[in-house]
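Here is a short walk through a structure. Keep the sequence and the view at hand.

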Amino acid sequence: MTSSARLFRLARVLCSALALLLAAALVQRAEAQDISAALSQLTTNKYDDTEAALGALALSGSPAAAGIVSALADGKLVFGGLPPRVFIEGPGGALLDPLTMQPAADAPAVKPVRVNNRVRRAIEAANGALSLVSPDAGKRREAALAVGRSRDEAALPALEMALAKESDPKVKSAMNLARASILIAKEGITPAERIAAVELVGAEGNQDALAILRSVPESAAPEVKQAAAVAIEGIERNLAMWGMAQNVWYGLSLGSVLLLAAIGLAITFGVMGVINMAHGEMVMLGAYTTFVVQEVIRTSYPGLFDASLLIAIPLAFLFTGLIGVLIERTVIRFLYGRALETLLATWGISLILQQAIRTIFGPTNREVGAPSWMSGSFEIGHLSITSGRLWIIVFALLVFFALLATLRLTRIGLEMRAVTQNRRMAASMGIRTNWVDAMTFGLGSGIAGIAGVALSQIDNVSPNLGQSYIIDSFLVVVFGGVGNLWGTLVGAMTLGVANKLLEPYAGAVLGKIALLVIVILFIQKRPRGLFALKGRSIET
Amino acid sequence: MSMTRQPALLGTSGLIFLAVLFVAAVLVPVLNLYAAPDSAVHVPTYVVSLLGKYLTYALLALSVDLIWGYVGILSLGQGAFFALGGYAMGMYLMRQIGTRGVYGDPVLPDFMVFLNWKELPWFWYGFDMFPFAALMVLLAPGLLALVFGWFAFRSRVTGVYLSIITQAMTFALLLAFFRNDMGFGGNNGLTDFKDILGFNIQADGTRLTLFVLSALALGLGYILCRFLVRSHFGKVLVAVRDAETRVRFTGYRAENYKLVAFVVSAMLAGIAGALYVPQVGIINPSEFSPANSIEIIVWVAVGGRGTLVGAALGAVLVNYAKTYFTSGMLAPYWLFMLGGLFVAVTLFLPKGIVGTYYDWREKRRQHDDIPDEPLATPRPAE
Amino acid sequence: MTDIAIPEPTTAAEPAPAAKKELTEALLYLDAVTVTFDGFRALNALSFTVDPGEMRAVIGPNGAGKTTMMDVITGKTRPDRGDVFFNGGTTDLTKLDETQIATLGIGRKFQKPTVFENHTVLDNLRLALKGQRRALPNIFHRESAAARERIDEIFETIRLTEHRDRLGGALSHGQKQWLEIGMLLAQDPKLLLVDEPVAGMTDAETAQTAELLREINANGHSVVVVEHDMTFVRDLGVRVMCLHEGSVLAEGTLDQVSANERVIEVYLGR
């Protein structure tokens, strides 16, 4: 946001600057590379001369030009001696030769080159033009892009001059694009040239190119307009696709959050049939565990900060798992087979846990920091992807598959499935069903805790954290099909993506409402969810 | 002969309940108006309104008990019907403000002027007329229940699934009513009411009248529920609760029975909401919050599900406790207590106060075979 | 060879002449009914008919599809393929739901006795009694003298008169079975589907139940009884059909069926 705004400002300044400079340069006809004339102009102590000198410096292509202009901007450009010469005032007041940056042989009395507002504008302009020929390719490219965006005809000669000297293909293409952008709307060029420009801009394929193409003048030849229309259509299709892809990405990101929140519930509700309304609070406890871990690290082991989440994950799992076992042993085991009563009792527990956290940590949001490896972002095509979100998706999938593996491959997983399918048979085969119940509930709660560690990175860590997830989590589990982990995965991702695809049309809140309504209708159509088990056993 | 003693329309506890209600409806106004303000028995006006609020909560609890206790529908969205009734009344009260609002617009409520709206949205038409608003108090919740129930019951969504989608329903409404452009005052809701049917809403007389009306509504609501549950219709309801499949195979459309009960219940909740709003002076979207709806369930659970009287009793008891504890130094502990109440009632008092009392009485009169109450004992388990 | 599918010669709309006669005369007509649960064929092209006034016993090992067959007839399960007609082919049961089928006159007793446990025995019968089924009119419904008489009759038949004021849930297992049969009678169906009526009954109760069902049948109701108890099936003395893997393995008198090699192999044992 701010960076693009900065770019625009730069572009505006750059354009007016280039126009000014061009005028100056035409009068001056300065020899490229030779800036001595310009330097001597700086010693006249006249604003007009200073301005002309700046113009010459900007177009000189001299490697020293940039340093001189910035010294002038900083008030470090001084002149003095006989004949008057220009120096740059170095650190500690040492006088440096502006061309070599070596200390000057003598040290005459000096005074700074004066600057007024007009000169200051000329400085900015010179800086802009200098970036087009800056030795840094990145800066040249940025300047070219800025010119392209500004599309000021006055910048064309400077641009063409820079283009003639440019060797870096990336920068060259940016400059070509900038030139084409200007040409599209320029008066008095042939239709063929204009079409070439249209095609060049069209190939760029982004939002800016679209705006440029839309500005083809009404007076342009029909074939030009035709070419522009084709290019616009192509870009729009392309952009719509990328926009869709971006929304799908956001959706997957939301889906992974939903998956994290719901996956523990898929165990307690899906496998055990226990309605745990305190599930959201388990997530919340996991987030607070992260907070405590980070506090300890901040005060005692600051070097470990980047590892704070890795430390928090097992701790959160153990802590919330333990709380889960405690809840199962003291409350839920007395309520098996009474789903609605379980719902009420666990709601009560959720109130108690919320209030406990509020009492201990206060009602306000707590700050949980992001380790360095989770910040930052990168781009793929027109997609912008933040590392934090990417990690959360990866993490959600890891947790999902770890859980799947636990259920499929481990002894406790086998026992859990056995108890779910036929409690009495399992008991008679020597499985301690009570213990399995407690472990299953503990596992579901522990996973909620792990989810809390991840969610602490993207949500406010407050006592109400869990409340915002509980309804969504239940909808995900029910939508995906109770008792089916894959259903939970698909359900979470579907709801996440659907939500984000709805948002552009309906807005965030209405999109959410629409989704709730859709899920409500869906559940009524298929009460057992997407991946329902079919068969007569389901009815009993 | 197949004539068997039908339980009376009003059993002993029903008569006691109505008698207590009647005494309160007479005594509270008398003590408010005629007892000296400094005497111990004087009932200050704010207490009258507080009691009135409890009574509307009791009516709300009654509406929950009708569907939860007798049909087994645990609605976690009953608060939505209450709030819709409340909003219908609130819209009437808003229109009554007229030019006395901050902006003095004769038609538009303040919040619309503030949002720079130029004309009244169509769904606000008619709310300046009390009979229309009163009709909407019934129709708005009734229609929502009809549409929602029609979909839900027809596709046989039952048990916790139904509970979860009712919760999603009220959550969706919560989000919707928070939006300013919904036209219901957004976050702040509707407030700053001036008068109702021409009477100043702050006046003692108005407050007493609202209290008496609340008592009347609760009494009539109780009689209506009682009449319903002991009719043939009500017996089918209990049959649906206990063995829905059997009911279908017996030729009844279980979904229609549920739907009728659900709509009646929603309308009762709407009436409760409509009486609640003028007594507390505000209605805002938080009434739609899922937590509110679940709290109603615990009132009913405490009093005794499937007993009607218990629901009303539970609502008054829990809310009295809430008022008592949240106003003092114990305030931070109220949520611990409420949470504990949920756990304790489900674990130790699954039939609630009145249900447990019935059981105890039933045991005592084992020899005496008059089946007075309950019509249908609530099942201990789901 | 072409890829064009050739229509089946026999469709629901236009059965072959022989089948048509069978269809119009039958009270219940099942043809090639197939039901699959997740790849498991619960019913595999099951076909049979029940004539008006007939009583039929159905036997077969566990998983033979007996309960699924009842589910299909009563509308609880929709068949993947096949026809189910009622009343001489006039009514396609696969298009109706449980309530509509019950109203047509098909009553069902479940394997596990299901009565309304929190209602008195009397109220159980009142609820089942043929009559007004719509919700709103039933708010103001009053019991007629004829209804009271009919209920008294049923009480005599099912021998529960002295238990009329007890709660359904308080009855013994056998009494619940009878109450459920009584509720079926109160519905006055054309066809009764009775799933394992004597499970958990004493010998005396079993014999009484057989007598009860014969009496019901004699009064003009068609009955299909699913039962494992061979003594009971013999007591009934009716046509027997043995199901195996979702289709009819053998049909005939009990003696014929129990002499069938396959039946002995899969069900009765040697």
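Over residues 208–229 of chain B, what percentage is helix, and how far apart are the end C-alpha atoms? The stretch is 100% helix and 0% strand, and its end C-alpha atoms lie 32 Å apart. Helices here are DSSP runs of H or I with at least four residues, strands are runs of E with at least two, and both are numbered from the N terminus.

This is a predicted model, where local features need pLDDT of at least 70 and side-chain atom pairs count only at pLDDT 80 or more, while totals for chains, interfaces and linings use all residues. Residues are numbered from 1 along each chain as its sequence is written, and chains are lettered from A and ligands numbered from 1 in the order in which they are written.

UniProt, in an unreviewed entry, lists transmembrane regions in chain B, including 123–153 and 208–229. Such annotations may be inferred rather than shown by experiment. Residues 123–153 of chain B are 77% helix and 0% strand, with end C-alpha atoms 29 Å apart.

Now turn to chain C. 27 of its residues are in contact with 26 residues of chain B; contact means C-beta atoms, placed from the backbone, within 7 Å. On the chain C side, α3 (98–104), α4 (121–128) and α5 (145–158) each give two or more residues.

Helix α11 (residues 222–271) of chain A packs against helix α18 (residues 433–455) of chain A at about 170 degrees, with axes 8 Å apart. That makes α11(A) roughly antiparallel to α18(A), a term for angles over 145 degrees. Among the contacting residues are L260(A) of α11(A) and F441(A) of α18(A).

Technical notes:
Contact = placed C-beta atoms within 7 Å. Axes fitted to C-alpha atoms, helices over the stretch in contact; angles between N-to-C directions. Parallel < 35°, antiparallel > 145°, perpendicular 65-115°, else oblique.
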